[in-house]
Every structure is written in C-alpha cells, then in structure tokens.
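Me: I have a structure to get through today. Can you take me through it in plain words?

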Amino acid sequence: MNKKKLIVIASPSGGGKSTLARRLFKKFPDMQFSISATTRKKRHGETYGIEYFFLTKEDFEKRISRGELAEYEEIFGNYYGTLKSEIDKAIIGGFVLLFDIDVKGALSIREHYPDDSLLIFIVPPSVEELERRLRKRGTESDEQIANRLARGEMELSFADKFDHVIVNDNIDRAFVELSDLAEKYFDF
C-alpha cells in the first residue's frame with residue numbers, strides 16, 4: 001500500500017473535526033499540524049506561524065495570482081488557505097502533515113497532491129445534531145448558525161468525494177476509527 005504524507009480531515013462546522021484532529025495529533029506527536037494562511041485579524045494570544053500565517057488581503061491575493069496556494073477560500077469575509085511551500089517542506093522533510101480544513105479545501109489538496117493525500121470526512125449523525133452542537137457552543141448568533149447550517153448541508157453533499165467517511169455520533173468511537181486509518185495509511 002502506498003503510504004501517505006497528508007492526512008486531511010474535513011467536516012461541516014460543528015462536525016467534530018477540530019476535536020478529532022487535536023486528539024490525533026496528541027496520539028501521533030511526530031506528525032505536523034498544517035498551519036493555514038488567513039486575512040482575518042490576529043486574536044489576542046495568537047502568534048504568526050503558530051496558529052496562522054496572518055497576511056494582508058493584498059498579499060493573499062498576490063499569492064493566489066502566483067499560484068502559491070494549494071487551496072483557499074473566502075469564508076465569512078476572510079481568506080483562508082494553505083501555502084504550497086509549507087506542504088512541500090513537510091513532504092521533503094519526511095513528515096506527515098495533518099490538515100483540519102473545510103470540504104472544498106480538502107478536495108483542492110487532493111487535486112494538487114493526489115498520491116500523498118488521504119481525505120477523511122467527519123459527519124454528524126444528523127443535521128439536527130449539528131444544529132444542537134452549534135447552539136451548545138454559545139459563540140454564534142442565530143443568523144451565524146443558520147449560515148453555518150446552510151453551508152454544512154452543501155458540504156455534506158461532497159461526502160462521496162472522500163476516501164473515508166466517519167460518522168461522529170460518539171467522539172471516542174469516531175476517534176478510534178480515525179486513529180485506525182492513520183495507522184493503516186501513514187508511517188509514524
């Protein structure tokens with residue numbers, strides 16, 4: 001079996017991808033976490049090159065025009081994307097790179113790195129459960145939740161484009177399934 005270098009986890013907002021990615025990173029500390037570039041403002045306590053590569057909109061757009069991003073998207077008024085240079089650096093260095101990104105970004109990574117990427121889609125057991133999780137966060141308005149749910153329904157339509165789909169109806173069970181896939185496809 002061809003061992004992979006890029007493990008790409010995607011899900012609708014509230015699907016559990018970030019929680020599962022953090023747990024996977026803890027279990028396999030030799031992997032590296034992909035750091036995205038963004039035009040959103042840096043939040044208190046965030047550091048350039050740790051949480052994100054914080055770029056101006058002008059710089060981000062120049063990088064788009066020069067083909068320097070493996071994937072990018074404008075989400076809720078800000079650009080988010082992955083620099084090809086960071087992916088190439090990890091592959092050349094022999095590292096496994098873990099991505100926690102949106103669905104379209106995952107498909108774009110596959111397009112640029114078809115032999116090196118494994119795409120795993122995390123889905124909630126239902127749209128109702130997804131809404132419950134988003135509301136439980138208590139961080140978003142009703143309008144923001146409605147936007148995330150609409151986007152989530154669109155993202156769910158891409159599930160068949162992924163190598164594996166994990167239903168996150170129980171975080172511990174979903175993590176075992178994710179961990180098993182990591183052990184099967186990656187050298188740690």
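Reply: Two strands pair if DSSP finds at least two bridges between them. Helices (H or I, at least four residues) and strands (E, at least two) are DSSP runs, numbered from the N terminus. This is a predicted model: local features need pLDDT of at least 70, side-chain atom pairs count only at pLDDT 80 or more, and totals for chains, interfaces and linings use all residues. Residues are numbered from 1 along each chain as its sequence is written, and side-chain values use heavy atoms, with hydrogens and water left out.

Me: Ok. In what sense do strand E2 and E7 pair?

Reply: Parallel: strand E2 (residues 32-33) pairs with E7 over two bridges. Gln32 stands opposite Leu97 in E7.

Me: And E1 with E7, over how many bridges?

Reply: Five, also in the parallel sense. There, Ile7 stands opposite Leu98 of E7.

Me: Why is strand E7 described as largely enclosed?

Reply: Because four of the five residues of E7 (residues 97-101) are buried, where buried means under 20% relative accessible area with a 1.4 Å probe, protein chains only.

Me: What does Leu98 touch?

Reply: Contact means heavy atoms within 4.5 Å. Leaving aside neighbours within four places in sequence, Leu98 is in contact with several residues, including Ile7, Ile9, Leu24 and Phe33.

Me: New topic. Where is Thr39?

Reply: In the loop between strand E3 (36-38) and strand E4 (52-54). Thr39 counts as buried because its relative accessibility is 14%.

Me: Which backbone atom lies 2.8 Å from a polar atom of the Thr39 side chain?

Reply: The backbone nitrogen of Tyr79.

How values were computed: Buried < 20%, exposed > 50% of the residue type's maximum accessible area, 1.4 Å probe, protein only. Polar contact = N/O pair within 3.5 Å; in protein donor to acceptor, adjacent residues only side chain to side chain.
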